[in-house]
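Here's a quick tour of the fold and its charged pairs. Keep the viewer open and follow along.

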Amino acid sequence: MLRGENLQIMSATGVENLGFFTARFVKARTPEEAKLVAMEMVRTDKSLLEILFSESTLESKIYLEKMWAERWWKRLGGSGYTFFAMESEK
């Protein structure tokens, strides 16, 4: 489970500062390798890259929120995001 923060995304109402949660299932030899593979899947996800505001001034970050092992036959990959509004800086 990954969490992203400070993504400026184009929406029908304009540019919004959003975060997200998403799950990715990967095959890896170590927990560190699993984390890196999952993060790379998100960083290169065309569906996410297409909606990002190209002139963003924010530093986007991706964090590992939670990791767990699944049976070896679990479907690999994953897609989709659950977005949430980031709190405004004051």
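## A salt bridge within a helix

Let's start with a charged pair: Glu 40 and Arg 43 form a salt bridge, and their closest N and O atoms are 3.8 Å apart. By salt bridge we mean a side-chain nitrogen of Lys or Arg within 4 Å of a carboxyl oxygen of Asp or Glu. Both residues sit in helix H1, three residues apart, which is about one turn of the helix. Helices here are DSSP runs of H or I with at least four residues, strands are runs of E with at least two, and numbering goes from the N terminus.

How accessible are the two partners? Glu 40 is partly exposed at 41% relative accessible area, and Arg 43, at 44%, is partly exposed too. The cut-offs are under 20% relative accessible area for buried, over 50% for exposed, and partly exposed in between, using a 1.4 Å probe and protein chains only.

## What kind of model this is

This is a predicted model, where local features need pLDDT of at least 70 and side-chain atom pairs count only at pLDDT 80 or more, while totals for chains, interfaces and linings use all residues. Residues are numbered from 1 along each chain as its sequence is written, and side-chain values use heavy atoms, leaving out hydrogens and water.

As for confidence, pLDDT is the predictor's own score for each residue, from 0 to 100. The protein chain has a mean of 90, with 93% of its residues at 70 or more. Among its elements, S3 has the highest mean pLDDT (96) and S1 the lowest (93).

## The sheet and its helix

Four strands make up an open antiparallel sheet, in the order S3-S1-S2-S4. Strand S3 (61-64) and strand S4 (82-85) are the edges, each pairing on one side only. From one strand to the next, the twist averages 35°. Two strands count as paired if DSSP finds at least two bridges between them.

Gly 19 stands opposite Phe 84 in S4. Helix H1 (residues 31-43) packs on this sheet, touching strand S1 (2-11), S2 and S3, and its direction makes about 145° with that of S3. Contact means heavy atoms within 4.5 Å; the angles, from 0 to 180 degrees, are between N-to-C directions of lines fitted to C-alpha atoms, for helices over the stretch in contact.

The structure holds six salt bridges. One of them joins the side chains of Arg 24 and Asp 45 at 3.5 Å, N to O. That pair links distant parts of the chain, 21 residues apart: Arg 24 is in the loop between S2 and H1, and Asp 45 in the loop between H1 and helix H2 (46-49). Are these two buried or exposed? Both Arg 24 and Asp 45 are buried.

Lys 61 and Glu 59 also meet through their side chains, at 3.8 Å, N to O. Here Lys 61 is partly exposed at 36%, while Glu 59 counts as exposed at 56%. Finally, Arg 3, Glu 5 and Glu 65 are linked in a network of salt bridges. Arg 3 has Phe 21 as its bridge partner in S2.
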